[in-house]
Amino acid sequence: MNPIKTFNKGGVHPEENKLSKDSPIVVFPIPEHVIIPMGQCLGAPAEPIVQKGNKVKAGQLIGTAKGFISANVHSSVSGTVNKIDLVMDHTGYRKQAVFIDVEGDEWVDGVDNSDTLVKEIKLTREEIIARVKDFGIVGMGGATFPTNVKLSIPPDKKAEYVIINAAECEPYLTCDNRLLLEKTKEFLVGVKVVMKAVDAPKGIIGIERNKMSAANLLDKTIKEDPYFAGIEVQPLVTKYPQGGEKQIIKAVTGREVPSGKLPIETGCVVINVASTYAIYEAVQKNKPLVSRIVTVTGKSVKKPSNFLTRIGTSADLLIEAAGGLPEDTANIINGGPMMGKSVSQTDFPVIKGTSGILLMSVAEAQPRKVSNCIRCGKCVQACPMGLEPYYLNKASKLNMFDETESHHIMDCIECGSCEFTCPANIPLLDYIRFGKAKTGAIIRARK
Amino acid sequence: MSIILSSLLVLGILGAVLAVILFIVAQKFKVEENPKIDEVESVLAGANCGGCGFAGCRKFAEACVKSAEEKKSLEGLNCAGSNMQTVANILGLTVEAAEPKIAVVRCSGSCDKAPAKVHYEGADICAFANTLYAGENGCPNGCLGLGDCVKKCAFDALHIDPNSGLPVVDENKCVGCGACTKTCPRGIIELRPKGKNNRRVYVGCMNTEKGAITMKHCTVGCIGCAKCSKVCPFEAIEMRGTLAYIDPAKCKACGKCVEECPRHAIQKVNFPQKPAKPVETPSEENKTEN
């Protein structure tokens, strides 16, 4: 294995709290009803193509992508469409969704649901990318960016490395770790598929050293089988945000993505672990993205677990299965504690980007008193992008968006390291996100 | 002594020479500007609120002078904060007085009527909170109460009522510039005519959700029952989906809709106090029986 590497600028080390790292993946029973939101990716929501009363099978296309940055949505269960209505998502806003009453578990034709490992990659490059697009695969680390867009390399660029983001630098979350341990070979075939899709000679799995068991297992599997030649395991320092796209490129290859440019500028394609597994299932097993692994965790949760659940399952049921909502829950977070978002109710459906449901206790989520900025510069030290969060905070607050632009607010990856480290407990990231949204709108309007 | 004299002399001559140079330069590079712009600007409110659509009072004054010279009218130019008649007099024109307007807050979901289900911690910017979640009470169209409008108001006419958590418009201070209406990320604040005797009737709700959903998070939310639009004798109330809207141009402020609304979502302001309660209750009962 290669010597341990890391990115050089900033970063923080929050308490890891990987409580569910030893809980094996449990296949969650199919619920009676599922609610499948149409907007499950970063871009435009999909357009539903089923109607009330239609019979659907698991894996059937029910929503078609609208626009370039958009992803298809498939039914995760078999049953009858109850209605197409608005449903409250994790933000509390109502978005369009398809409600399905489950009847049995019947799959569309051609889906290989067996456990056999399919190694031979029959599809060509173009076919793989088309399959990834048709089967609605998005970045499953939380950002939900359509994967086919990432795999489509512009003709004047060349991909040298496929970097698999297995850092899982978010505290608490363990879904990627468990996937690596339990579906090692399938995952590695997925890496091969991605390498073929982007025509890259090398695949590097970047993994934080707090998951050495998974790293060793991967390394052993790769060395045992010559089929996996070209894949390497790269251990990384346990530091947040090691799994940021730009950070992992810097850590693994030493290259830096230029400001405002995409990772392909450095010859890298970065794909998340869960997405890689989804690509394996789509390309080798002909199975659309209809399920994912969700970590349900928290210090007061009775059984911190990793569930393999169908998309559209209510988060309520998952929390119930993990031992119920603890009494001292103060904060429910969709995602990890650093980048996840607080939710206002527990009955939101699991979507493609739901990597975890974190229940923070009163003791952890205690509101802290906000005091004034004393220009200590801790946020500047912590920023992995080399920005000045205290200044961006102030400028955003005062609506000085020309200042925020000239101080590169658009390079902020919203990791929250600044807010985590701030001794005055200033909600820096909130203001920066606000400033970033406003600045982005101004830049787009100018074009 | 001679040092003082010589330095005075040197500085004096230097000053005189520089003054001459400055005078020549000032004459040479003089910017010709219509003196009326200064005059107009001096009678404007001077708040630079941007309510007129120009970047500050100076720009508005320039636009007024330009319009007066080219079109001989002040059409389309209005400063709510100052007397446009004075401006017109300076420019030798006459204007018809615009109908005075005032900002109204179209959300009645105060803390007791739409209780908070979650607690928000974070940046106190409505525009940001709006992108994050629906609101503490769950209403996706209601007031977030973080006071972007208060910060924007240049006339100190808005403040958040600590009891209700909603912004309150100070009628004496509000000039109807409309800066707050543009700031509110949810468009809750609307400019409406002040009305006869300052009496106004408006729907204090912006919720466009279905009635059953609205009822869950607010006791004073409009559920779109359309009772008000049926009872209105002037056809001033139109239904926009499941939300009633009172057209201020048609509304005669009779107040019938206010009595009719089962959700008490329609607000009336500056009406004389109602008679004592015992008189009111039977009359309402009669109505429901009918």
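In this predicted model, strand S10 (residues 202-208) of chain A and S11(A) run parallel and are joined by six bridges. Gly203(A) has Ile231(A) in S11(A) as its bridge partner, and Ile207(A) stands opposite Pro235(A) in S11(A). S11(A) is itself mostly covered, with five of its six residues buried.

These two strands belong to an open sheet of four strands in chain A, ordered S11-S10-S9-S12 and paired in parallel. The edges are taken by S11 and strand S12 (268-272) of chain A; each has a single partner strand, so one side of each is left without a neighbour in the sheet. Direction ignored, neighbouring strands of this sheet are turned by 25° against each other on average.

H4(A) touches S9, S10, S11 and S12 of chain A, and its direction makes about 145° with that of S9(A). Helix H5 (residues 212-224) of chain A lies across S10 and S11 of chain A, running at about 160° to S11(A).

H4(A) is mostly covered, since eleven of its 15 residues are buried. Phe187(A), Leu188(A), Val189(A), Gly190(A), Val191(A), Lys192(A), Val193(A), Val194(A) and Met195(A) are among the buried residues, as are Ala197(A) and Val198(A). An α-helix has 3.6 residues a turn, so residues three or four places apart point the same way. Following H4(A) comes Asp199(A), whose phi is positive, near 60°.

A second sheet of chain A is also open, but it has six strands in the order S1-S14-S13-S17-S15-S16, with mixed pairing. Strand S1 (25-27) and strand S16 (341-342) of chain A are its edge strands, each pairing on one side only. At the S16 end, strand S15 (residues 329-334) of chain A and S16(A) run antiparallel and are joined by two bridges. Within S16(A), Lys341(A) is the residue that stands opposite Asn334(A). H3(A) lies across S1, strand S13 (291-297), strand S14 (305-310) and strand S17 (356-361) of chain A, and runs at about 125° to S13(A).

Several backbone details deserve attention. Most residues other than glycine have a negative phi, and most peptide bonds are trans. Tyr172(A) is not a glycine, yet its phi is positive, at about 75°. This tyrosine lies in the loop between strand S9 (161-166) and helix H3 (175-182) of chain A. Tyr172(A) is buried, because 31 other C-beta atoms lie within 10 Å. In chain B, Asn198(B) is another residue other than glycine with a positive phi, near 65°. Asn198(B) is placed in the loop between strand S4 (189-193) and strand S5 (200-203) of chain B. The peptide bond between Tyr240(A) and Pro241(A) is cis, with omega about -5°. Pro241(A) is found in the loop between strand S11 (231-236) and helix H6 (245-253) of chain A.

At the level of domains, chain A is divided into domain 1 (125-284) and domain 2 (378-446). Their C-alpha centres lie 28 Å apart. The contact between them takes seven residues from domain 1 of chain A and seven residues from domain 2 of chain A. On the domain 1 side, the residues that touch domain 2 divide into two nonpolar, four polar and one charged.

Finally, the contact between chain A and chain B takes 13 residues from chain A and 15 residues from chain B. Helix H13 (residues 428-446) of chain A gives the most to the side of chain A that touches chain B, with five residues. The residues on that side of chain A divide into six nonpolar, three polar and four charged.

Key:
Residues are numbered from 1 along each chain as its sequence is written. Chains are lettered from A and ligands numbered from 1 in the order in which they are written. This is a predicted model: local features need pLDDT of at least 70, side-chain atom pairs count only at pLDDT 80 or more; totals for chains, interfaces and linings use all residues. A residue is buried if 20 or more other C-beta atoms lie within 10 Å of its own, exposed if 12 or fewer, and partly exposed in between; C-beta atoms are placed from the backbone. Two residues are in contact if their C-beta atoms, placed from the backbone, lie within 7 Å. Ala, Val, Leu, Ile, Met, Phe, Trp, Tyr, Cys and Pro count as nonpolar, Asp, Glu, Lys and Arg as charged, and the others, Gly among them, as polar. Domain bounds come from an automatic or database domain assignment. Two strands pair if DSSP finds at least two bridges between them. Axes are lines fitted to C-alpha atoms, for helices over the stretch in contact, and angles run from 0 to 180 degrees between N-to-C directions.
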